[in-house]
Amino acid sequence: MLTIRNLHAAVEGKEILKGIDLEIKPGEVHAIMGPNGSGKSTLSQVLAGNGNFEVTEGEILYKGSDLGELAVEERAREGIFLAFQYPVEIPGFSNAEFLRAAVNAHRKHRGESELDAFDFADFAKRKIELLDLDPKLMTRSVNAGFSGGEKKRNECLQMTLLEPTFAILDETDSGLDIDALKIVAKGVNSLRAPDRSFLIITHYQRLLEYVVPDYVHVLAAGRIVKSGGKELALELEDKGYGWLGAEFAEAVPGGGEG
Amino acid sequence: MSDEKQMLEDLSQQDYKWGFVTAIDADTVPPGLNEDVIRFISAQKNEPEWLLAFRLKAYAHWLTLEEPTWQKVTFPPVDYQAISYYSAPKQQKKLDSLDEVDPELLDTYEKLGIPLTEQKRLAGVAVDAVFDSVSVATTHQDKLAAMGVIFMPISEAVQKHPDLVRKYLGKVVPYTDNYYAALNSAVFTDGSFVYIPKGLKCPLELSTYFRINAENTGQFERTLIVADDASYVSYLEGCTAPKRDENQLHAAVVELFAHDDASIKYSTVQNWYPGDKDGKGGIYNFVTKRGLCAGDRSHISWTQVETGSAITWKYPSCVLKGDDSVGEFYSVALTTKHQQADTGTKMIHLGKRTRSTIVSKGISAGKADQTYRGLVKMGKGAESARNFTQCDSMLLGDRCGAHTFPYIESQNASAQVEHEATTTRIGDDQIFYCNQRGIETEDAVSMIVGGFCREVFKELPMEFAVEAQKLLSVSLEGSVG
């Protein structure tokens, strides 16, 4: 599904990722943990194709092709989805129309007919119920005036509507109470399939209780310093990052989260 | 990001999609303006003596005036002697049905998607199409006439309802009002006249589509809408223009007159040729639009979506004379390429407890320059009058400009005036977010701008709102990233 080789990336000339290697196979769920400033969000932005981040070395292969060749929207239509850490607001534009435009962009790409407003409403209804969203969110402006939890659930709704093949969740659990967390987990779990993979970026082990990962990686100072199974997350929760080496002595899981 | 800048560049080079010229012989007087030309126009239209006198007085006054220079636009001087002041399609005989209309003309309307033919016409919309200066077809006349509504070319109204026209013409916008209004009063060729009788809520939205066609011909439309006591009318004005190389002057006058408890809603979607990517060509739109809330509890609402013209100079205004009368102005103005717009409104509060609302959304892209200029005046008698103004600008790219000049004059201490203004840019983060959902940048921009304009679009009648959104998207294709 996704192969990352020796990935280096910089923002405004400053190198953040310093040689990442990662292999994600179809159907796998990988979690990335690590202290603040370790490059977790940079990795997600680079995968989505944000032009503010420059790949300086290495390569990313997605379904066997060079991801660097694809524009942001092409990556999206090829099945890469990023649930944003800070979802963006579009005042005045209805959430339903936004979601419909997104779904139709994907359908068009697949050679399928576009959904009209009524068909889309039917299609979306079940997903809205699944995520326990207030249907009124659909008539409000995209993310404008949404609470933090509503924004995150709206990201989840988009993910379930777009049915990506590779979904990245960038700290989707941050700031959520336990009920909201369970709903997000339900959304992810409902999508788990043999041909679909997930990359979950999180500070906490908490989400991983509900979405059980196949692998856990620790990212620190732009490199993956340790990989393991789901038990690694528990170990981190227990011991902090200090035992991984002196350079993490100060870091605590979830510490300094903003 | 340089990619987006490049896209901005590429997009803003796109040409006007609807530029084409219809080959119809026009009966045009030689360029130039003098009393003889005015007498010729008046005679062509078989006008009564009082109207000719009105024109000649206006012309004499115009000769004493100088072109205004206070607006924030620049353009080469207009040579008023190089303009031809009368042009009419040659087929002058009276038409009984659309079948008699020149097929080429109908074809032009079809290209523009104008709902003139029975098949094309939007349900419930009566169309008085103005092709150049003379009306060629009018629909729904019988139905409207049965209700006592008068909706016809003003030249026809002069013949059939001379007393009504004489009673109201120039009462809201006197010929002494300004340079362009004086010129229009002297040489106006046609336009629409509407009269809604007492107590009638006009069930049809009245619609006129303008189209500038004959080369080198100034357009001087004159529209007069009168709503008698407790009546209501919604009037739609829309236009697109064919591509031209030289600048074309358009100096229309629109007068609205609302009696006690009457309500007039006037909506405009305007898409005149803005000029090519170098700023060549395009329409000069110097329009005087004003509504008089003469009666108590009367209501006048202006809604406009402006995407066209090389230069726009336009301030649809309300004079709130009747007690408890209400004036509204909702505007979206989009300027791209080298377009210049100095537009806004005037709300003149004279009566007690009069209220006005101004919502202006300006979008500037390319090398365009846009100015909002608004006057809110509270007269001595404007006891407890209120105004709310919201004035938002959006900038696309880094070579365009947006300016706001709010003028507030209050002579009554009990009056309240509120003014809010914002300036925003389309954020890279918004574009990236949309892209990440598979949405093209162009569509993303259209969504973001559409959202920005929603408050105004929702004031438009439904079909018009759809058209306006479409127009905005088409116009934006040329402008952003």
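Confidence in chain B of this predicted model is lowest in strand β4 (residues 134-138), at a mean pLDDT of 44, and highest in strand β16 (residues 317-320), at 98. Here pLDDT is the predictor's confidence in each residue, from 0 to 100, and strands (E, at least two residues) and helices (H or I, at least four) are DSSP runs numbered from the N terminus. Chain B averages a pLDDT of 81, with 77% of the residues scoring at least 70.

For the complex, the predictor gives an ipTM of 0.94 and a pTM of 0.79.

A word on conventions. Residues are numbered from 1 along each chain as its sequence is written, with chains lettered from A and ligands numbered from 1 in the order in which they are written. Local features need pLDDT of at least 70 and side-chain atom pairs count only at pLDDT 80 or more, while totals for chains, interfaces and linings use all residues; side-chain values use heavy atoms, leaving out hydrogens and water.

I turn to helix α9 of chain B, residues 428-436. Because 7 of its 9 residues are buried, this helix is largely enclosed by the rest of the structure. Buried means under 20% relative accessible area (1.4 Å probe, protein chains only). The buried residues include B:I431, B:F432 and B:Y433. Just after α9(B), B:G438 takes a positive phi of about 90°.

Next, the interface. Chain A contributes 33 residues to the contact and chain B 17. Together they bury about 2100 Å², 63% of it on carbon and sulfur atoms; this is the accessible area (1.4 Å probe) lost on being put together, summed over both.

There are 2 salt bridges between chain A and chain B, defined by a side-chain nitrogen of Lys or Arg within 4 Å of a carboxyl oxygen of Asp or Glu. One pairs B:E440 with A:R77, whose closest N and O atoms are 2.9 Å apart.

On the side of chain A that touches chain B, several elements each supply at least two residues, among them α1 (40-48), α2 (72-77) and α5 (148-162). The largest share, 5 residues, comes from α3(A).

Terms used: Buried means under 20% relative accessible area, exposed over 50%, partly exposed in between (1.4 Å probe, protein chains only). Contact means heavy atoms within 4.5 Å. Buried area is the accessible area (1.4 Å probe) that two parts lose on being put together, summed over both.
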